[in-house]
Amino acid sequence: QVQLVESGGGLVQAGGSLRLSCAASGSIFSINAMGWYRQAPGKQRDLVARIPRGGGTNYADSVKGRFTISGDNAKGMVSLQMNSLKPEDTAVYYCKAEGRTAAGKAIDYWGQGTQVTVSS
């Protein structure tokens, strides 16, 4: 089992910046990737950015050049620096860890979510 605790988020004006952090505990050795997803009211939860254990990063097109993900899967830590925020970035942001059970089955772990609100 992996537990995820998020911090950061809040209210910011358009053009401002926020930083989200996520710390994992428990079976962090089983984590293969960590990332951030977001869900706006009435919409599905979508990928924002992801960092696999082997390196490299994935970003949603809408945040490329504005958001930067960093972290260390081996330590169970991931952060998301969000710059040049836009009202359309308003959503609940969730930390996600991709892991495997003892039986080798893929499993996803989610944080409780943190609200990011960008005012125009």
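Strands are DSSP runs of type E with at least two residues, helices are DSSP runs of type H or I with at least four residues, and both are numbered from the N terminus. Two strands pair if DSSP finds at least two bridges between them.

The structure described here is a predicted model, in which local features need pLDDT of at least 70, side-chain atom pairs count only at pLDDT 80 or more, and totals for chains, interfaces and linings use all residues. Residues are numbered from 1 along each chain as its sequence is written, and side-chain values use heavy atoms, with hydrogens and water left out.

## The four-stranded sheet

Four strands form an open sheet in the order E1-E3-E8-E7, and their pairing is antiparallel. Strand E1 (2-8) and strand E7 (67-72) stand at the edges with a single partner strand each, so one side of each has no neighbour in the sheet. From one strand to the next, the twist averages 15°; axes here are lines fitted to C-alpha atoms (for helices over the stretch in contact), and angles run from 0 to 180 degrees between N-to-C directions.

Strands E1 and E3 run antiparallel and are joined by seven bridges. Within this pairing, valine 2 has glycine 26 in E3 as its bridge partner. Strand E3 (residues 18-26) is also joined to strand E8 (residues 77-82), by six bridges, and these two run antiparallel. Serine 21 has serine 79 in E8 as its bridge partner, while leucine 20 stands opposite leucine 80 in E8. In a regular strand the side chains alternate between the two faces of the sheet.

## Threonine 114

Threonine 114 belongs to strand E11 (residues 114-119). Its relative accessibility is 11%, so threonine 114 counts as buried; buried means under 20% relative accessible area, exposed over 50%, and partly exposed in between, with a 1.4 Å probe and protein chains only. The side chain of threonine 114 reaches the backbone oxygen of glycine 8 at 2.9 Å. Residues up to four places away in sequence aside, threonine 114 touches Glu6, Gly8, Gly9, Leu20, Ala91, Val92 and Tyr93, where contact means heavy atoms within 4.5 Å.

Tyrosine 37 is placed in strand E4 (residues 33-39) and is buried, with a relative accessible area of 13%. The C-alpha atoms of tyrosine 37 and cysteine 95 are separated by 6.5 Å, although these residues are 58 residues apart along the chain. Beyond its neighbours within four places in sequence, tyrosine 37 is in contact with several residues, including Arg45, Asp46, Tyr94, Lys96 and Trp110. Its side chain makes a polar contact with the side chain of lysine 96 at 3.4 Å. A polar contact is a pair of N or O atoms within 3.5 Å; within protein, one must be able to donate a hydrogen and the other to accept it, and residues adjacent in sequence count only if both atoms are side-chain atoms.

Rings of Phe, Tyr and Trp (its six-membered ring) pair if their centres lie within 6.5 Å; planes under 30 degrees apart count as stacked, over 60 as edge-to-face and the rest as tilted. By this rule there are two aromatic pairs.

| Aromatic pair | Geometry | Centre to centre | Angle between planes |
|---|---|---|---|
| Tyrosine 37 and tryptophan 110 | edge-to-face | 5.2 Å | 75° |
| Tyrosine 94 and tryptophan 110 | edge-to-face | 6.4 Å | 90° |

Both pairs link distant parts of the chain. Tyrosine 37 in strand E4 and tryptophan 110 in strand E10 (residues 106-110) are 73 residues apart, and tyrosine 94 in strand E9 (residues 91-100) is 16 residues from tryptophan 110. Tyr37, Tyr94 and Trp110 form one aromatic cluster. Tyrosine 94 is buried at 14% relative accessibility, whereas tryptophan 110 is partly exposed, with a relative accessible area of 35%.

Arginine 45 has its charged end over the ring of tyrosine 94, 3.6 Å from the ring centre. Arginine 45 also lies over the face of tryptophan 110, at 4.6 Å from the ring centre. A charge sits over a ring if NZ of Lys or CZ of Arg is within 6 Å of the ring centre and within 35 degrees of the ring normal.

## Serine 84

Serine 84 is found in the loop between E8 and E9. Although it is not a glycine, serine 84 has a positive phi of about 50°. Its relative accessibility is 41%, so serine 84 counts as partly exposed.
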